Amino acid sequence: MTDEKATLSVGDKSIELPMYSGSAGPDVIDVRSLVQEGVFTYDPGFVSTAACESKITYIDGANGVLLHRGYKIEDLAENSDYLEVCYLLLNGELPTAEENQKFHQTIKNHTMLHDQMRNFFQGFRRDAHPMAIMCGVVGALSAFYHDSMDVADEHEREITAHRLVAKMPTIAAWCYKYSIGQPFMYPRNDLSYAENFLQMMFGVPCEEYKPNPVLAKAMDKIFILHADHEQNASTSTVRLAGSTGANPYACIASGIAALWGPAHGGANEAVLDMLAEIGDESNIEKYIAKAKDKDDPFRLMGFGHRVYKNFDPRAKVMAETAHEVLSELGLENDPLLKIAQRLEKIALEDEYFVQRKLYPNVDFYSGLILKAIGIPTSMFTVIFALSRTIGWFSHWNEMVSGNYRIGRPRQLYTGPTTREYPTK
Ligand code: SDX
(Lines give C-alpha, C1' and ligand atoms only; values in the text may rest on other atoms or scores of the structure.)
Protein backbone atom coordinates (compact mmCIF):
# COMPACT_ATOMS: atom_id res chain seq x y z
CA MET A 1 0.00 0.00 0.00
CA THR A 2 1.03 3.64 -0.20
CA ASP A 3 -0.37 6.82 1.36
CA GLU A 4 0.39 8.64 -1.89
CA LYS A 5 -2.58 10.25 -3.63
CA ALA A 6 -2.86 11.35 -7.25
CA THR A 7 -4.59 14.66 -7.95
CA LEU A 8 -6.26 15.13 -11.31
CA SER A 9 -7.43 18.53 -12.45
CA VAL A 10 -10.43 18.36 -14.80
CA GLY A 11 -11.63 21.84 -15.73
CA ASP A 12 -12.01 23.73 -12.46
CA LYS A 13 -12.33 20.47 -10.51
CA SER A 14 -9.47 18.83 -8.60
CA ILE A 15 -10.03 15.10 -8.20
CA GLU A 16 -8.05 13.13 -5.62
CA LEU A 17 -7.42 9.47 -6.53
CA PRO A 18 -6.01 6.70 -4.30
CA MET A 19 -2.71 5.08 -5.27
CA TYR A 20 -1.47 1.58 -4.48
CA SER A 21 2.04 0.06 -4.41
CA GLY A 22 2.77 -3.55 -5.34
CA SER A 23 5.69 -5.67 -4.10
CA ALA A 24 7.54 -4.62 -7.28
CA GLY A 25 6.87 -2.51 -10.36
CA PRO A 26 5.09 0.84 -10.85
CA ASP A 27 2.52 2.18 -8.39
CA VAL A 28 -1.03 2.33 -9.74
CA ILE A 29 -3.65 5.07 -9.64
CA ASP A 30 -7.17 3.84 -8.85
CA VAL A 31 -9.36 5.59 -11.44
CA ARG A 32 -12.56 3.63 -10.75
CA SER A 33 -14.30 6.68 -9.28
CA LEU A 34 -13.76 8.80 -12.40
CA VAL A 35 -17.01 7.61 -14.03
CA GLN A 36 -18.87 9.52 -11.29
CA GLU A 37 -16.95 12.63 -12.37
CA GLY A 38 -18.26 12.15 -15.91
CA VAL A 39 -14.90 11.26 -17.49
CA PHE A 40 -13.18 8.02 -18.61
CA THR A 41 -9.47 7.27 -18.91
CA TYR A 42 -8.37 6.57 -22.49
CA ASP A 43 -5.75 3.87 -23.16
CA PRO A 44 -6.26 1.85 -26.40
CA GLY A 45 -3.83 -1.09 -26.30
CA PHE A 46 -3.70 -0.78 -22.50
CA VAL A 47 -0.17 0.63 -22.58
CA SER A 48 -0.52 2.36 -19.18
CA THR A 49 -3.32 0.30 -17.67
CA ALA A 50 -3.15 -2.29 -14.88
CA ALA A 51 -6.27 -4.39 -15.46
CA CYS A 52 -5.95 -6.49 -12.31
CA GLU A 53 -3.87 -7.38 -9.27
CA SER A 54 -1.83 -10.58 -9.60
CA LYS A 55 0.81 -12.58 -7.69
CA ILE A 56 1.83 -14.94 -10.51
CA THR A 57 4.38 -13.33 -12.86
CA TYR A 58 6.42 -10.14 -12.69
CA ILE A 59 8.19 -8.56 -15.67
CA ASP A 60 10.70 -5.70 -15.43
CA GLY A 61 10.90 -4.73 -19.10
CA ALA A 62 13.64 -2.13 -18.62
CA ASN A 63 16.00 -4.67 -17.05
CA GLY A 64 14.94 -7.83 -18.87
CA VAL A 65 13.65 -9.55 -15.73
CA LEU A 66 10.95 -12.28 -15.74
CA LEU A 67 9.88 -13.91 -12.46
CA HIS A 68 7.35 -16.70 -11.96
CA ARG A 69 6.17 -16.56 -8.34
CA GLY A 70 9.51 -14.82 -7.60
CA TYR A 71 11.77 -17.35 -9.36
CA LYS A 72 13.88 -16.10 -12.31
CA ILE A 73 13.00 -17.66 -15.67
CA GLU A 74 16.71 -18.39 -16.25
CA ASP A 75 16.87 -20.44 -13.02
CA LEU A 76 13.66 -22.32 -13.81
CA ALA A 77 14.81 -23.09 -17.38
CA GLU A 78 18.14 -24.36 -16.04
CA ASN A 79 17.00 -26.32 -12.99
CA SER A 80 13.30 -27.18 -13.26
CA ASP A 81 11.01 -29.00 -15.66
CA TYR A 82 7.75 -27.88 -17.23
CA LEU A 83 5.45 -29.82 -14.90
CA GLU A 84 7.20 -28.44 -11.81
CA VAL A 85 6.78 -24.93 -13.28
CA CYS A 86 3.09 -25.74 -13.86
CA TYR A 87 2.74 -26.67 -10.18
CA LEU A 88 4.55 -23.45 -9.18
CA LEU A 89 2.38 -21.18 -11.38
CA LEU A 90 -0.81 -22.86 -10.21
CA ASN A 91 -0.08 -23.17 -6.47
CA GLY A 92 2.37 -20.34 -5.79
CA GLU A 93 5.12 -22.51 -4.32
CA LEU A 94 7.58 -25.08 -5.68
CA PRO A 95 6.37 -28.60 -4.84
CA THR A 96 8.12 -30.83 -2.31
CA ALA A 97 9.65 -33.97 -3.85
CA GLU A 98 6.53 -35.91 -2.81
CA GLU A 99 4.12 -33.25 -4.17
CA ASN A 100 6.12 -33.13 -7.42
CA GLN A 101 6.00 -36.89 -7.87
CA LYS A 102 2.25 -36.95 -7.16
CA PHE A 103 1.61 -34.07 -9.59
CA HIS A 104 3.61 -35.74 -12.35
CA GLN A 105 1.61 -38.96 -11.79
CA THR A 106 -1.71 -37.10 -11.72
CA ILE A 107 -0.93 -35.50 -15.07
CA LYS A 108 -0.02 -38.92 -16.54
CA ASN A 109 -3.46 -40.17 -15.46
CA HIS A 110 -5.28 -37.55 -17.58
CA THR A 111 -3.39 -37.53 -20.90
CA MET A 112 -5.97 -39.51 -22.90
CA LEU A 113 -8.91 -37.86 -24.69
CA HIS A 114 -12.49 -39.13 -24.56
CA ASP A 115 -12.54 -41.50 -27.54
CA GLN A 116 -15.50 -39.66 -29.10
CA MET A 117 -13.26 -36.57 -29.42
CA ARG A 118 -11.52 -38.30 -32.30
CA ASN A 119 -14.62 -37.47 -34.34
CA PHE A 120 -14.01 -33.72 -33.99
CA PHE A 121 -10.76 -34.03 -35.91
CA GLN A 122 -12.51 -35.88 -38.75
CA GLY A 123 -14.72 -32.83 -39.37
CA PHE A 124 -11.76 -30.67 -40.44
CA ARG A 125 -10.09 -30.61 -43.86
CA ARG A 126 -6.69 -32.28 -43.73
CA ASP A 127 -5.07 -28.96 -44.69
CA ALA A 128 -6.83 -27.01 -41.92
CA HIS A 129 -4.42 -24.86 -39.91
CA PRO A 130 -3.75 -26.81 -36.67
CA MET A 131 -4.61 -23.71 -34.62
CA ALA A 132 -8.11 -23.83 -36.12
CA ILE A 133 -8.40 -27.45 -35.00
CA MET A 134 -7.00 -26.70 -31.55
CA CYS A 135 -9.45 -23.82 -31.03
CA GLY A 136 -12.33 -26.13 -31.87
CA VAL A 137 -11.22 -29.22 -29.98
CA VAL A 138 -10.26 -27.40 -26.75
CA GLY A 139 -13.55 -25.50 -26.74
CA ALA A 140 -15.31 -28.83 -27.27
CA LEU A 141 -13.76 -30.25 -24.07
CA SER A 142 -16.50 -28.30 -22.24
CA ALA A 143 -18.99 -30.69 -23.87
CA PHE A 144 -17.42 -33.64 -22.04
CA TYR A 145 -16.97 -32.43 -18.46
CA HIS A 146 -20.34 -31.06 -17.35
CA ASP A 147 -19.83 -32.82 -13.99
CA SER A 148 -16.82 -30.67 -13.08
CA MET A 149 -17.12 -27.14 -14.46
CA ASP A 150 -18.40 -25.26 -11.41
CA VAL A 151 -16.02 -22.28 -11.40
CA ALA A 152 -16.82 -21.67 -7.71
CA ASP A 153 -15.66 -25.17 -6.71
CA GLU A 154 -11.93 -25.31 -5.87
CA HIS A 155 -11.68 -29.06 -6.41
CA GLU A 156 -13.40 -28.85 -9.81
CA ARG A 157 -11.02 -26.06 -10.81
CA GLU A 158 -8.07 -28.24 -9.79
CA ILE A 159 -9.23 -31.28 -11.79
CA THR A 160 -9.79 -29.00 -14.80
CA ALA A 161 -6.23 -27.71 -14.50
CA HIS A 162 -4.91 -31.28 -14.47
CA ARG A 163 -7.05 -32.26 -17.47
CA LEU A 164 -5.94 -29.26 -19.54
CA VAL A 165 -2.21 -29.58 -18.77
CA ALA A 166 -2.39 -33.32 -19.44
CA LYS A 167 -4.48 -33.27 -22.61
CA MET A 168 -2.98 -30.34 -24.52
CA PRO A 169 0.03 -32.37 -25.79
CA THR A 170 -2.30 -35.13 -26.98
CA ILE A 171 -4.58 -32.63 -28.76
CA ALA A 172 -1.57 -30.79 -30.27
CA ALA A 173 0.08 -33.98 -31.53
CA TRP A 174 -3.23 -35.25 -32.95
CA CYS A 175 -3.64 -31.94 -34.85
CA TYR A 176 -0.31 -32.71 -36.52
CA LYS A 177 -1.00 -36.40 -37.13
CA TYR A 178 -4.38 -35.53 -38.66
CA SER A 179 -2.74 -33.03 -41.04
CA ILE A 180 -0.28 -35.63 -42.38
CA GLY A 181 -2.76 -38.51 -42.49
CA GLN A 182 -0.91 -40.66 -39.98
CA PRO A 183 -2.68 -42.61 -37.21
CA PHE A 184 -3.08 -40.88 -33.84
CA MET A 185 -0.50 -42.03 -31.28
CA TYR A 186 -1.70 -42.61 -27.72
CA PRO A 187 0.19 -41.18 -24.72
CA ARG A 188 2.70 -43.46 -22.97
CA ASN A 189 3.11 -43.39 -19.18
CA ASP A 190 6.71 -44.59 -19.28
CA LEU A 191 7.84 -41.28 -20.86
CA SER A 192 8.30 -37.77 -19.48
CA TYR A 193 5.90 -34.99 -20.48
CA ALA A 194 8.17 -33.69 -23.29
CA GLU A 195 9.24 -37.18 -24.42
CA ASN A 196 5.58 -38.19 -24.58
CA PHE A 197 4.73 -35.17 -26.74
CA LEU A 198 7.55 -35.99 -29.17
CA GLN A 199 6.40 -39.63 -29.20
CA MET A 200 2.84 -38.66 -30.08
CA MET A 201 4.19 -36.28 -32.75
CA PHE A 202 6.75 -38.51 -34.45
CA GLY A 203 6.03 -42.07 -33.29
CA VAL A 204 4.18 -44.59 -35.48
CA PRO A 205 2.33 -47.77 -34.42
CA CYS A 206 4.73 -49.95 -36.42
CA GLU A 207 7.76 -49.44 -34.18
CA GLU A 208 8.76 -48.23 -30.71
CA TYR A 209 9.70 -44.54 -30.57
CA LYS A 210 12.94 -43.76 -28.75
CA PRO A 211 13.04 -40.05 -27.80
CA ASN A 212 16.32 -38.15 -28.27
CA PRO A 213 17.16 -36.83 -24.75
CA VAL A 214 18.70 -33.59 -26.11
CA LEU A 215 15.58 -32.84 -28.16
CA ALA A 216 13.27 -33.79 -25.28
CA LYS A 217 15.18 -31.47 -22.93
CA ALA A 218 14.99 -28.66 -25.51
CA MET A 219 11.24 -29.27 -25.92
CA ASP A 220 10.71 -29.13 -22.16
CA LYS A 221 12.72 -25.90 -22.00
CA ILE A 222 10.55 -24.38 -24.76
CA PHE A 223 7.48 -25.36 -22.73
CA ILE A 224 8.96 -23.63 -19.64
CA LEU A 225 9.91 -20.45 -21.54
CA HIS A 226 6.37 -20.02 -22.93
CA ALA A 227 4.44 -20.99 -19.79
CA ASP A 228 3.30 -17.57 -18.62
CA HIS A 229 3.92 -13.90 -19.24
CA GLU A 230 1.81 -11.61 -17.03
CA GLN A 231 -1.17 -9.83 -18.67
CA ASN A 232 -0.29 -10.41 -22.36
CA ALA A 233 -3.03 -10.22 -24.99
CA SER A 234 -4.13 -13.87 -24.78
CA THR A 235 -4.02 -14.01 -20.98
CA SER A 236 -6.04 -10.78 -20.80
CA THR A 237 -8.53 -12.39 -23.21
CA VAL A 238 -8.84 -15.41 -20.90
CA ARG A 239 -9.38 -13.15 -17.89
CA LEU A 240 -12.04 -11.12 -19.71
CA ALA A 241 -13.85 -14.26 -20.87
CA GLY A 242 -13.58 -15.71 -17.36
CA SER A 243 -15.02 -12.53 -15.82
CA THR A 244 -18.40 -13.45 -17.37
CA GLY A 245 -18.38 -16.79 -15.50
CA ALA A 246 -17.76 -18.78 -18.70
CA ASN A 247 -16.44 -22.31 -18.18
CA PRO A 248 -12.62 -22.74 -18.13
CA TYR A 249 -12.44 -24.74 -21.38
CA ALA A 250 -14.26 -21.93 -23.25
CA CYS A 251 -11.92 -19.37 -21.64
CA ILE A 252 -8.79 -21.30 -22.64
CA ALA A 253 -10.18 -21.64 -26.19
CA SER A 254 -10.53 -17.82 -26.28
CA GLY A 255 -6.87 -17.54 -25.27
CA ILE A 256 -5.87 -19.89 -28.10
CA ALA A 257 -7.77 -17.73 -30.57
CA ALA A 258 -6.06 -14.54 -29.35
CA LEU A 259 -2.60 -16.16 -29.34
CA TRP A 260 -2.96 -17.09 -33.03
CA GLY A 261 -2.30 -13.54 -34.28
CA PRO A 262 1.15 -12.85 -35.85
CA ALA A 263 1.70 -9.89 -33.49
CA HIS A 264 1.45 -12.34 -30.57
CA GLY A 265 1.93 -16.09 -30.49
CA GLY A 266 1.81 -16.41 -34.27
CA ALA A 267 5.14 -14.57 -34.46
CA ASN A 268 7.25 -17.74 -34.14
CA GLU A 269 5.67 -19.12 -37.32
CA ALA A 270 6.04 -15.68 -38.94
CA VAL A 271 9.77 -15.55 -38.03
CA LEU A 272 10.49 -18.73 -40.00
CA ASP A 273 8.40 -17.51 -42.91
CA MET A 274 10.35 -14.22 -42.79
CA LEU A 275 13.76 -15.95 -42.69
CA ALA A 276 12.73 -18.15 -45.61
CA GLU A 277 11.52 -15.05 -47.53
CA ILE A 278 14.84 -13.27 -46.86
CA GLY A 279 16.47 -16.43 -48.20
CA ASP A 280 20.07 -15.21 -48.18
CA GLU A 281 22.24 -12.98 -46.01
CA SER A 282 22.69 -10.68 -49.00
CA ASN A 283 18.98 -9.72 -48.75
CA ILE A 284 19.08 -8.71 -45.08
CA GLU A 285 19.73 -4.99 -45.64
CA LYS A 286 16.71 -4.83 -47.99
CA TYR A 287 14.44 -6.34 -45.33
CA ILE A 288 15.83 -4.13 -42.56
CA ALA A 289 14.93 -1.15 -44.78
CA LYS A 290 11.42 -2.58 -45.32
CA ALA A 291 11.00 -2.97 -41.53
CA LYS A 292 11.90 0.72 -41.07
CA ASP A 293 9.68 1.97 -43.90
CA LYS A 294 6.46 3.42 -42.43
CA ASP A 295 4.72 2.85 -45.74
CA ASP A 296 5.62 -0.84 -45.69
CA PRO A 297 3.55 -3.09 -43.38
CA PHE A 298 6.55 -5.45 -43.06
CA ARG A 299 7.91 -5.77 -39.54
CA LEU A 300 10.91 -7.73 -38.29
CA MET A 301 9.06 -10.68 -36.79
CA GLY A 302 10.51 -11.87 -33.49
CA PHE A 303 11.68 -8.34 -32.70
CA GLY A 304 10.18 -5.83 -30.31
CA HIS A 305 7.94 -6.18 -27.30
CA ARG A 306 5.34 -4.07 -25.52
CA VAL A 307 7.09 -4.52 -22.18
CA TYR A 308 10.72 -5.54 -22.79
CA LYS A 309 12.80 -2.51 -23.72
CA ASN A 310 15.88 -4.60 -23.13
CA PHE A 311 16.65 -8.21 -24.03
CA ASP A 312 13.75 -10.65 -23.50
CA PRO A 313 15.42 -13.02 -20.99
CA ARG A 314 13.62 -15.92 -22.67
CA ALA A 315 15.28 -15.07 -26.01
CA LYS A 316 18.74 -15.46 -24.46
CA VAL A 317 17.91 -18.94 -23.11
CA MET A 318 16.25 -19.80 -26.43
CA ALA A 319 19.37 -18.73 -28.40
CA GLU A 320 21.56 -21.01 -26.23
CA THR A 321 19.11 -23.89 -26.68
CA ALA A 322 19.08 -23.32 -30.45
CA HIS A 323 22.85 -23.78 -30.55
CA GLU A 324 22.61 -26.97 -28.42
CA VAL A 325 19.92 -28.53 -30.63
CA LEU A 326 21.45 -27.53 -33.96
CA SER A 327 24.87 -28.81 -32.83
CA GLU A 328 23.31 -32.09 -31.62
CA LEU A 329 21.73 -32.51 -35.05
CA GLY A 330 24.80 -31.35 -36.99
CA LEU A 331 22.87 -28.33 -38.28
CA GLU A 332 25.06 -25.58 -36.83
CA ASN A 333 25.52 -24.31 -40.39
CA ASP A 334 21.76 -24.18 -40.99
CA PRO A 335 21.33 -21.30 -43.47
CA LEU A 336 18.28 -19.94 -41.64
CA LEU A 337 20.29 -19.85 -38.39
CA LYS A 338 23.02 -17.89 -40.17
CA ILE A 339 20.45 -15.43 -41.52
CA ALA A 340 18.89 -15.10 -38.04
CA GLN A 341 22.24 -14.45 -36.37
CA ARG A 342 23.25 -11.88 -39.01
CA LEU A 343 19.82 -10.22 -38.87
CA GLU A 344 20.04 -9.96 -35.07
CA LYS A 345 23.55 -8.43 -35.25
CA ILE A 346 22.59 -5.86 -37.89
CA ALA A 347 19.32 -4.91 -36.16
CA LEU A 348 20.99 -4.48 -32.77
CA GLU A 349 23.46 -2.02 -34.32
CA ASP A 350 20.85 -0.09 -36.36
CA GLU A 351 19.76 3.27 -34.90
CA TYR A 352 16.07 2.65 -35.79
CA PHE A 353 15.95 -0.48 -33.61
CA VAL A 354 18.28 0.88 -30.93
CA GLN A 355 16.26 4.09 -30.55
CA ARG A 356 13.00 2.11 -30.29
CA LYS A 357 14.58 -0.46 -27.96
CA LEU A 358 13.61 -3.30 -30.29
CA TYR A 359 15.34 -6.51 -29.21
CA PRO A 360 14.79 -10.18 -30.14
CA ASN A 361 11.83 -11.59 -28.21
CA VAL A 362 10.90 -15.14 -27.21
CA ASP A 363 9.78 -15.94 -30.75
CA PHE A 364 12.97 -15.05 -32.59
CA TYR A 365 14.87 -18.28 -31.95
CA SER A 366 12.14 -20.70 -30.86
CA GLY A 367 11.11 -21.42 -34.44
CA LEU A 368 14.65 -22.48 -35.39
CA ILE A 369 14.66 -25.06 -32.59
CA LEU A 370 11.21 -26.38 -33.47
CA LYS A 371 12.14 -26.61 -37.17
CA ALA A 372 15.35 -28.50 -36.28
CA ILE A 373 13.31 -30.95 -34.18
CA GLY A 374 11.21 -31.57 -37.31
CA ILE A 375 8.09 -29.67 -36.31
CA PRO A 376 6.35 -27.84 -39.22
CA THR A 377 5.95 -24.05 -38.89
CA SER A 378 2.15 -24.41 -38.84
CA MET A 379 2.55 -26.23 -35.49
CA PHE A 380 4.70 -23.58 -33.80
CA THR A 381 1.84 -21.54 -32.32
CA VAL A 382 0.07 -24.75 -31.32
CA ILE A 383 3.11 -25.55 -29.16
CA PHE A 384 3.05 -22.02 -27.74
CA ALA A 385 -0.64 -22.59 -26.85
CA LEU A 386 0.14 -25.99 -25.29
CA SER A 387 2.75 -24.38 -23.08
CA ARG A 388 0.77 -21.21 -22.23
CA THR A 389 -2.30 -23.17 -21.12
CA ILE A 390 -0.95 -23.34 -17.55
CA GLY A 391 -0.38 -19.57 -17.54
CA TRP A 392 -3.87 -18.88 -18.87
CA PHE A 393 -5.42 -21.28 -16.34
CA SER A 394 -3.40 -19.91 -13.41
CA HIS A 395 -4.57 -16.36 -14.14
CA TRP A 396 -8.16 -17.50 -14.67
CA ASN A 397 -7.99 -19.47 -11.41
CA GLU A 398 -6.48 -16.51 -9.50
CA MET A 399 -9.34 -14.32 -10.71
CA VAL A 400 -12.31 -16.66 -10.17
CA SER A 401 -11.08 -17.79 -6.74
CA GLY A 402 -11.18 -14.16 -5.54
CA ASN A 403 -13.55 -11.20 -5.80
CA TYR A 404 -14.01 -10.14 -9.41
CA ARG A 405 -16.41 -8.17 -11.58
CA ILE A 406 -17.34 -8.65 -15.20
CA GLY A 407 -14.87 -6.78 -17.43
CA ARG A 408 -16.69 -4.07 -19.35
CA PRO A 409 -14.47 -1.26 -20.78
CA ARG A 410 -16.04 1.99 -22.07
CA GLN A 411 -15.05 4.09 -25.12
CA LEU A 412 -14.45 7.51 -26.63
CA TYR A 413 -17.48 7.78 -28.93
CA THR A 414 -16.92 9.78 -32.10
CA GLY A 415 -19.82 8.45 -34.17
CA PRO A 416 -23.03 10.28 -35.24
CA THR A 417 -25.10 11.85 -32.46
CA THR A 418 -28.90 11.40 -32.39
CA ARG A 419 -30.55 12.08 -35.76
CA GLU A 420 -34.13 11.53 -36.98
CA TYR A 421 -35.03 8.63 -39.23
CA PRO A 422 -36.09 10.20 -42.54
CA THR A 423 -39.90 10.14 -42.98
CA LYS A 424 -40.94 8.30 -46.16
C1 SDX B 1 4.72 -12.20 -27.88
O2 SDX B 1 2.78 -9.32 -24.38
C3 SDX B 1 3.51 -10.37 -24.25
O4 SDX B 1 4.05 -10.66 -23.19
C5 SDX B 1 3.59 -11.24 -25.47
C6 SDX B 1 4.55 -12.44 -25.39
C7 SDX B 1 4.07 -13.47 -24.41
O8 SDX B 1 4.91 -14.25 -23.93
O9 SDX B 1 2.84 -13.55 -24.19
O10 SDX B 1 5.85 -11.99 -25.00
C11 SDX B 1 4.67 -13.15 -26.73
O12 SDX B 1 3.71 -11.89 -28.41
C13 SDX B 1 6.05 -11.61 -28.28
C14 SDX B 1 5.91 -10.60 -29.44
C15 SDX B 1 5.85 -11.38 -30.76
N16 SDX B 1 5.52 -10.45 -31.88
C17 SDX B 1 6.41 -10.18 -32.82
O18 SDX B 1 7.59 -10.55 -32.80
C19 SDX B 1 5.83 -9.36 -33.98
C20 SDX B 1 6.79 -8.19 -34.31
N21 SDX B 1 6.74 -7.22 -33.17
C22 SDX B 1 5.84 -6.11 -33.31
O23 SDX B 1 4.63 -6.39 -33.99
C24 SDX B 1 5.73 -5.30 -32.02
O25 SDX B 1 7.00 -5.09 -31.56
C26 SDX B 1 4.88 -5.84 -30.87
C27 SDX B 1 3.50 -6.19 -31.30
C28 SDX B 1 5.53 -7.03 -30.24
C29 SDX B 1 4.81 -4.73 -29.82
O30 SDX B 1 4.05 -3.71 -30.36
P31 SDX B 1 3.81 -2.32 -29.57
O32 SDX B 1 4.27 -2.40 -28.17
O33 SDX B 1 2.42 -1.87 -29.84
O34 SDX B 1 4.85 -1.39 -30.23
P35 SDX B 1 4.54 -0.43 -31.45
O36 SDX B 1 3.85 -1.20 -32.50
O37 SDX B 1 3.88 0.79 -30.91
O38 SDX B 1 6.02 -0.07 -31.99
C39 SDX B 1 6.74 1.02 -31.44
C40 SDX B 1 7.62 1.47 -32.60
C41 SDX B 1 6.84 1.76 -33.88
O42 SDX B 1 7.58 2.70 -34.62
P43 SDX B 1 7.18 4.29 -34.48
O44 SDX B 1 5.72 4.41 -34.88
O45 SDX B 1 7.45 4.68 -33.06
O46 SDX B 1 8.11 4.99 -35.48
O47 SDX B 1 8.53 0.42 -32.96
C48 SDX B 1 8.24 -0.02 -34.29
C49 SDX B 1 6.87 0.48 -34.64
O50 SDX B 1 6.73 0.66 -36.04
N51 SDX B 1 8.31 -1.49 -34.25
C52 SDX B 1 8.88 -2.24 -35.19
C53 SDX B 1 8.76 -3.56 -34.72
N54 SDX B 1 8.14 -3.57 -33.54
C55 SDX B 1 7.86 -2.28 -33.26
N56 SDX B 1 9.47 -1.92 -36.36
C57 SDX B 1 9.94 -2.96 -37.09
N58 SDX B 1 9.88 -4.27 -36.70
C59 SDX B 1 9.29 -4.59 -35.52
N60 SDX B 1 9.24 -5.85 -35.15
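Ser234 is found in helix 9 (residues 233-242), where helices are DSSP runs of H or I with at least four residues, numbered from the N terminus. The model is predicted: local features need pLDDT of at least 70 and side-chain atom pairs count only at pLDDT 80 or more, while totals for chains, interfaces and linings use all residues. Residues are numbered from 1 along each chain as its sequence is written, and side-chain values use heavy atoms, with hydrogens and water left out.

Ser234 counts as buried because its relative accessibility is 0%; buried means under 20% relative accessible area, exposed over 50%, and partly exposed in between (1.4 Å probe, protein chains only). The side chain of Ser234 makes a polar contact of 2.8 Å with the side chain of His264. A polar contact is a pair of N or O atoms within 3.5 Å; within protein, one must be able to donate a hydrogen and the other to accept it, and residues adjacent in sequence count only if both atoms are side-chain atoms. Leaving aside residues up to four places away in sequence, Ser234 touches Gly255, Ala258, Leu259, His264, Arg388 and Trp392, contact meaning heavy atoms within 4.5 Å.

Arg388 also faces the ligand, with a polar side-chain atom 2.8 Å from a ligand oxygen atom. For Lys294, a polar side-chain atom lies 3.1 Å from an oxygen atom of the ligand. An N or O atom in the side chain of Tyr352 is 3.1 Å from a nitrogen atom of the ligand. Taken alone, the ligand exposes 1100 Å², of which the protein buries 77%; accessible areas come from the Shrake-Rupley method with a 1.4 Å probe. The ligand is surrounded by 24 residues, the closest being His229, Gly302, His305, Arg306 and Arg314, with a heavy atom within 4 Å as the criterion. The shell comprises 10 nonpolar, 7 polar and 7 charged residues.

Strand 1 (residues 5-10) pairs with strand 2 (residues 13-20) in the antiparallel sense over 6 bridges; strands are DSSP runs of E with at least two residues, and pairing requires at least two bridges. Leu8 has Ile15 in strand 2 as its bridge partner. The two strands form a hairpin with 2 residues between them, and Gly11 in the turn has a positive phi of about 65°. Strand 2 is joined to strand 3 (residues 28-29) by 2 bridges, running antiparallel, and Met19 stands opposite Ile29.

A further open sheet has 3 strands in the order 4-5-6, with antiparallel pairing. Its edge strands are strand 4 (57-60) and strand 6 (71-72).

Note on methods. Nonpolar A, V, L, I, M, F, W, Y, C, P; charged D, E, K, R; others polar.
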